[in-house]
Amino acid sequence: MRSFLVLLKKDFRMMVSGRFFLAAAGSLLLYTLFIQYIVSGNGLTQLKVLVGELLFIEIAAVRFLEIGSMLLKEKQMGVVRVHAVMPFQKRLFLLSKLTAFLLSDLLFAAGLTMLNAGGLEAAGIMPAVLLQTAVLSLLMALAGFGCAMLLQDFKQFSAAYAVIVAYAAVPVFMAQDPSGVAAWINWNPFYHIYRELKNAFFGIHCAGWVYYACTGCGIGVMFLLAQAAFYKEMGKEG
Amino acid sequence: MIEVNNLTFSYEKDRRALRGIQFHVREGEIFGFLGPNGSGKSTTQKILTGILKGYGGSVSLFGQDLSAGHTADFFAKISVLFEFPYLYTNLSAVDNLRYFSSFYPKSQLRDIGEVLEKLEFKKEFLNKPVSSCSKGMRQRVSMARALITSPKVLFLDEPTSGLDPSGAVLFRKIIEEERRKGTTIFLTTHNMLDADLLCDRVAFLADGKIAAMDTPKKLKEQNSSGRVAVHYLYEGKRCEQTLEISELETGIPFVHDEIISIHSMEPSLEDMFIQYTGRRLNE
């Protein structure tokens, strides 16, 4: 537990020095201004749709990039290899990063919901919103972690980023024109996460055990893949 | 302390990095592992430090078979100095050392300031980000990271690389001090001077196999020609003669006015390496 807290403290410190919190606060402010400007007079329904969409885009696109850039920096400094010979369970290195990014995402989601939906309305939908945010945050952070470990530099990471974010964001763009939603979208897991996140803002709970079993397994499998990529990186030459 | 038997390792099916190497390192010994790039030095060190798994043969440290897994207790007893100074460049030297040492039991930690002072780390850089330090200063912080946890086995990979001559002398002095404290040291290097001056025994590694292993002195003696070169002055001229050592038993066997120098024609450790492996260390 002590090692985990040491790692977590260091990760938060890296996030502060990388100005992640500053960027998140800036996004929160910009999104809020944008939402309030767009929906003025258009009612709560459109406001919730917009908040859901922006929250999804922020977590899917920005967090993947942030965890990736932080890890690429650590890889470049060579410190990942130093952790390989430190006396703690190596999976804590990954768990502390996931925790740091998850906590910051939950805080962001809570802030965005509170600022835009209002205190009373936000309180009712908050648990469901945070649950769906956590699912998306963990998946994107694990994808970012795995890519940063496997890919050599920021150039390769940027290429992977473009592909993964485009894939993850497809449901949001398709949702703008519901008549054009094709059947194949059901095979895109991000479609289901996006739908559940959106539903959470309206207090609709239609996700069953299959959804949670699939996302749980997805997170588990991605954790193992990210961990394998981490072990591979530790064993590499200098 | 370290026991390695018939160690084999392959990165891919047809790429064998280690081909059945065998050695042991005694407690408190400095053991040199010498070889050119790609000879298997780093692979062996990674297996010994628990980074690489899936090897053949057996490896034990502290009397414990490593195939059984690596506990936090195992990692708390070893330290590794990597060839490059791997540090958080946005943190200061002190913060780096505080961070890395916080994973170890407090009872085995040495004082950060004291260790850095011993390594002649410049005081004005103590609280500045490591990115503002020279390579030599960064290497000192890395060495401090390795020493601060009072390891029982210290793995050093090219410890004097990136240091100026006075820095290299200082590091050798510190390595000697660690040995006197009873620390076992596994030294991986290209640097023949480091190996010759520091190591109790050395192993020459080439193509994943140990070609020779003994004390540097014995390796040189075994292959010595038993001759000396004598430089002298005679009637104002500078002359040279090569003699068998036995010829010197009764004094200098030729007329001369003044002896300038007598050089043993003992081969260097590098000559021995080439003789045993057919390769140069910097290949």
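Predicted model: local features only at pLDDT ≥ 70, side-chain atom pairs only at ≥ 80, totals over all residues.

Me: Which residues of helix H9 of chain B are buried?

Reply: Look for residues with under 20% relative accessible area. In H9(B), residues 269-277, these are B:Leu269, B:Met272, B:Phe273 and B:Thr277. They span an arc of only 105° around the axis, so they sit on the same side of H9(B).

Me: What covers the buried residues of H9(B)?

Reply: The cover includes three strands of chain B, E3 (30-34), E9 (201-206) and E10 (209-214). It also includes helices H7 (192-198) and H8 (216-222) of that chain.

Me: Now the surface. Which residues form a nonpolar patch in chain A?

Reply: A:Phe34, A:Tyr37 and A:Ile38 do, with about 340 Å² of accessible area together. Take A:Ile38, which lies in helix H2 (residues 20-39) of chain A. Its relative accessible area is 32%, so A:Ile38 counts as partly exposed; patch members need over 30%.

Me: How many residues are in contact between chain A and chain B?

Reply: On the chain A side there are 26, and they touch 25 of chain B. The two chains bury about 2,300 Å² between them, with 64% of it on carbon and sulfur atoms. In chain A, the residues losing the most area to chain B are A:Met77, A:Val85 and A:Pro87, together 27% of what that side buries.

Me: Which side chains meet in a salt bridge there?

Reply: The count between the chains is one: B:Asp95 with A:Arg13, at 2.9 Å, N to O.

Conventions. Residues numbered from 1 in each chain as written. Chains lettered and ligands numbered in written order. Heavy atoms only, no water. Buried < 20%, exposed > 50% of the residue type's maximum accessible area, 1.4 Å probe, protein only. Helix = DSSP H or I, 4+ residues; strand = E, 2+ residues; numbered from the N terminus. Arc of directions from axis to C-beta. Contact = heavy atoms within 4.5 Å. Patch = residues over 30% accessible without salt bridge, like charges linked within 9 Å, V, L, I, M, F, W, Y side chains within 5 Å. Areas by Shrake-Rupley, 256 points an atom, 1.4 Å probe, with all protein chains shown as cover. Salt bridge = Lys/Arg side-chain N within 4 Å of Asp/Glu carboxyl O. Buried area = accessible area lost by both parts, 1.4 Å probe.
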